[in-house]
Amino acid sequence: MNKKTEIRRLLISISGGVLILFIFLSFTACPDPPDTTECGSHQIEVNGNCECEEGYHWNEDQTKCLMDTTSHNFSWEIDTIGIEGSYLRDVTIVDENNIWVVGNIETDSGEYNAAHWDGEAWDLIKIQPQGYVQPIQCIYYFSENDIWFGQGGLPIQWNGIEYYRYTPANSTHLGQPTIESIWGTSSSNMYFVGGSGSIVHYDGNEFVQMESRTNVDLKDVDGTPDGEHVFAVGWKQSGENIVLEFTGDAWNELYYNELYLPTDSTYGRVTAVGVFGDTATFSTKAGLWKYNFISQSSMIIPSTVVKTYGLDIIDISGVYENDIIIVSLGARILHFNGMSWYRYENITDTFGFQNVYLNGGDIFRDFAIVVGYCCNGNHSIVVTGIR
């Protein structure tokens, strides 16, 4: 019998009043742990208080956080690069003085496949680790000494010294039909998606072909900053459309149909994906499909609201949900500011409807870039928006 037990039994054997005192003392001596702060949607705990996360603000009575709004007020300028046969496929903005575009750039003095903006001018670049220039489909930037490119079905890395092309002869990369999009959290956790449902993962040492269980051409990939949720989308001209989700152990089919146009039970073709917070946003013929992968709930924003009016969306870019640039067929540039959608007509006003084609875009703070080509393949274009 320990001492604590002896004291308890002694007090119980005395009077009821002492017993009540004992119970009170026991309660005060062993208090329950303090309540933890439970914050609501889009709130974070800071020193025991709830604050709105970045991109959100309190409503008037500070009971919930509302999304901030950003400005639609972009002023657009159009640059042309190259001569007939030139086109641009992708762009990444590091900052307003560090921008990369890739594709195929023809000039009187030779052929290039990339260009870099340093704040003053475009510097044309030949990325040719095998001695000849080939078009580049996509780019993904980690740092000035760690930049990745998709060229044909093989990746190229700028490592600060050289453009190194990974091939079956010098690495574990077996080659893909094509590499259409690249995404990753770092150069030791990367995904390359492309033709015939191909997905390759790179862990910094080894390339591994992942099982997608589809032969639908994959066009786009995006994920959460922690890499816990990754999404890939694709389609084929014959009609198949697919959305895949990777949650750490396997790629699973989230959506599949064989229809171009939407019905009461399908969204039709799916063409691009952007992940913002706990929501993956997919572009579909029905509009923007927003899928919350935490609650597994969905909602659709009709194309009439987004102002695409059924046009295929090519790219969804942004860091926060209140500042998104969308590029669609028909040379449409759209911006979401957290509350409303705005469509810019600058390109079609300049070149005419169906005379310009856009392939990709990016946005960084008050700087946006959209790339493509125009004028019956006459030259590539870089459309710059400054807010």
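Histidine 42 is partly exposed, with a relative accessible area of 27%. That figure comes from a predicted model. You'll find histidine 42 in the loop between helix H2 (16-29) and strand E1 (43-46).

Arginine 213 belongs to the loop between strand E17 (207-210) and strand E18 (218-223). Is arginine 213 buried or exposed? Arginine 213 counts as exposed because its relative accessible area is 53%, and the cut-off for exposed is over 50%.

Here are the two residues in brief:

Now for the inside. Which residues of the largest nonpolar core touch the most other members? They are Ile333, Ile347, Val356 and Leu358, out of 18 residues in that core. Several elements each supply at least two residues of this core: helix H4 (346-351), plus strands E27 (324-328), E30 (356-364), E31 (367-374) and E32 (379-386).

Take a look at isoleucine 333. Setting aside its neighbours within four places in sequence, isoleucine 333 is in contact with Trp76, Ile325, Ile326, Tyr342, Arg343, Tyr344, Ile347, Leu358, Val370 and Val383.

There's also a second, separate core, this one of 16 residues, including Cys52, Tyr56, Ile313 and Ile324.

Note on methods: Residues are numbered from 1 along each chain as its sequence is written. This is a predicted model: local features need pLDDT of at least 70, side-chain atom pairs count only at pLDDT 80 or more; totals for chains, interfaces and linings use all residues. Side-chain values use heavy atoms; hydrogens and water are left out. Helices (H or I, at least four residues) and strands (E, at least two) are DSSP runs, numbered from the N terminus. Buried means under 20% relative accessible area, exposed over 50%, partly exposed in between (1.4 Å probe, protein chains only). A nonpolar core is a set of buried Ala, Val, Leu, Ile, Met, Phe, Trp, Tyr and Cys residues joined through side-chain atoms within 4.5 Å. Contact means heavy atoms within 4.5 Å.
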